[in-house]
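Here is a report on one protein chain, written for a reader who is new to structures. Keep the sequence and the 3D view at hand as you read.

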Amino acid sequence: MSGAHRTKGRGVVGGGLEIRELECFLVVAEELHFGRASERLYVSQSRVSQLIAALERRVGARLVERTSRRVALTPLGVDFRAALVPAYGALRAAVEEARAAARGMAGRLRIGFQAPWVGALMETVTDFQDRFPEVEVELAELPLSDPFGAVRRGEVDTAVVMLPVLEKDLVLGPVFSRQRHRLALSVRHPLAGVGAAGKLTAEDLATVPLISAAGPAPEYWREVQAPTRTPGGRPVPRGPVVRTLQEGLSLTAAGRGGMLLCGTTGEYHRRDDIVYLPVGDLPASALGLVWRRDHETARIREFARGLADRAGRARRVEGVERMAG
């Protein structure tokens, strides 16, 4: 094995110096006594001498003068200590910070969700569990009618919700899964055949009672999920108000109205009695990760970072595929 391989893992820093040698020198410089230095370092006095000698060989000059009566630093040793103290302090602080971060990862990460666990979201959870096996990940489905309540009440640490998010007490992290809206309709609805031909527009919403979420979801959020007017200004009829997605899909299948959903939700909840039709002229739907501004943890930050990376990769792949097409 080469010398580089032999020293790997022994605390080697720049120039071949070893952390243990530097630590020993600083203790000797403080105590000016090899016996007391050996007690602080939990090694023998001969080991202290060996470490100091090794450091001096690396530096190429004497750093410590030792006689039978006293121990003193040489002028070079004094200068070396003055330069080393702040650098060694910064190194120890970095190690302690890393240890604290590692301790902060242990525990639970409770994730709420409104959307199906597919694509970047599911892959992020898998990656996170592989990277941090000490973290227990729990998943909880959120009601359609209350996207932010579980986060605020501390029932989940973070949540994947449909946009928009305008809550001042919440942080909006990575935004992902931008897709065209789809209108869920009963297969018996007159527009089902028209939409299948690719002719459904946002103005067609004026002919469909839209099923919307109940409170406590904020009004601005409910307006995006079930607009009350078309882009052209025509009023959209109001359909039933529901608390959960399953309630809404059941009423849709019964012909009580339609629901605006993202494409992923439509694919995930595919069923024989409902069609999911792309709607033009509407802003894209999107999902975002949120958490309480006063309850940000290392676990949340790492999960958010992983989700942002996954979502970015997915967007780049989609862009390449569109260019190729």
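What share of the contacts in the protein chain with a separation of 6 or more comes from residues 24 or more positions apart? The share is 71%. Contact here means heavy atoms within 4.5 Å.

This is a predicted model, in which local features need pLDDT of at least 70 and side-chain atom pairs count only at pLDDT 80 or more, while totals for chains, interfaces and linings use all residues. Residues are numbered from 1 along each chain as its sequence is written, and side-chain values use heavy atoms, with hydrogens and water left out.

**The whole chain**

The protein chain holds 12 helices and 12 strands. Both are DSSP runs, numbered from the N terminus: helices are H or I with at least four residues, and strands are E with at least two. Of its 325 residues, 42% count as buried. Buried means under 20% relative accessible area, exposed means over 50%, and partly exposed lies in between, using a 1.4 Å probe and protein chains only. The accessible surface comes to about 17500 Å². Carbon and sulfur atoms own 53% of that surface. The areas come from the Shrake-Rupley method with a 1.4 Å probe, and for residues only the protein chains shown count as cover.

**A sheet of three strands**

Now look at an open sheet of 3 strands. Its order is β10-β7-β11, and the pairing is antiparallel. Two strands pair if DSSP finds at least two bridges between them.

Leu-183 has Leu-277 as its bridge partner in β11. Leu-185 stands opposite Val-275, also in β11. Towards β10, strand β7 pairs over 4 bridges, again in the antiparallel sense. Ala-184 faces Met-259 of β10. Is β7 enclosed or open? It is largely enclosed by the rest of the structure, because 5 of its 6 residues are buried.

Helix α10 (residues 245-253) touches β7, β10 and β11. The direction of α10 makes about 125° with that of β10. Axes are lines fitted to C-alpha atoms, for helices over the stretch in contact, and angles run from 0 to 180 degrees between N-to-C directions.

**Helices that cross**

Two packed helices are described by the angle between their axes and the distance between the axes. The table gives both values for two pairs.

| Helix pair | Axes come within | Crossing angle |
|---|---|---|
| α2 (residues 19-31) and α3 (residues 34-41) | 9 Å | roughly 130° |
| α3 and α4 (residues 45-59) | 8 Å | roughly 95° |

Angles under 35 degrees count as roughly parallel, over 145 as roughly antiparallel, 65 to 115 as roughly perpendicular and the rest as oblique. At roughly 130°, α2 is oblique to α3. Among the contact residues are Cys-24, Val-27 and Val-28 of α2, and Phe-34, Ala-37 and Leu-41 of α3. Helices α3 and α4 are roughly perpendicular to each other. Their contact includes Phe-34, Ala-37 and Leu-41 of α3, with Val-48 and Ile-52 of α4.

**Backbone details**

Which peptide bond ends at Pro-164, and is it cis or trans? The bond runs from Leu-163 to Pro-164 and is cis, with omega near 10°. Pro-164 is found in the loop between β5 (158-162) and β6 (170-179). The bond from Gly-215 to Pro-216 is cis too, with omega near 15°. Pro-216 sits in the loop between β8 (210-213) and α9 (219-225).

Two residues other than glycine have a positive phi. Ser-177 has phi near 55°. This serine belongs to strand β6 and is partly exposed, at 25% relative accessible area. Asp-281 has phi near 70°. Its place is the loop between β11 (274-278) and β12 (285-292). Asp-281 counts as exposed, at 57% relative accessibility.
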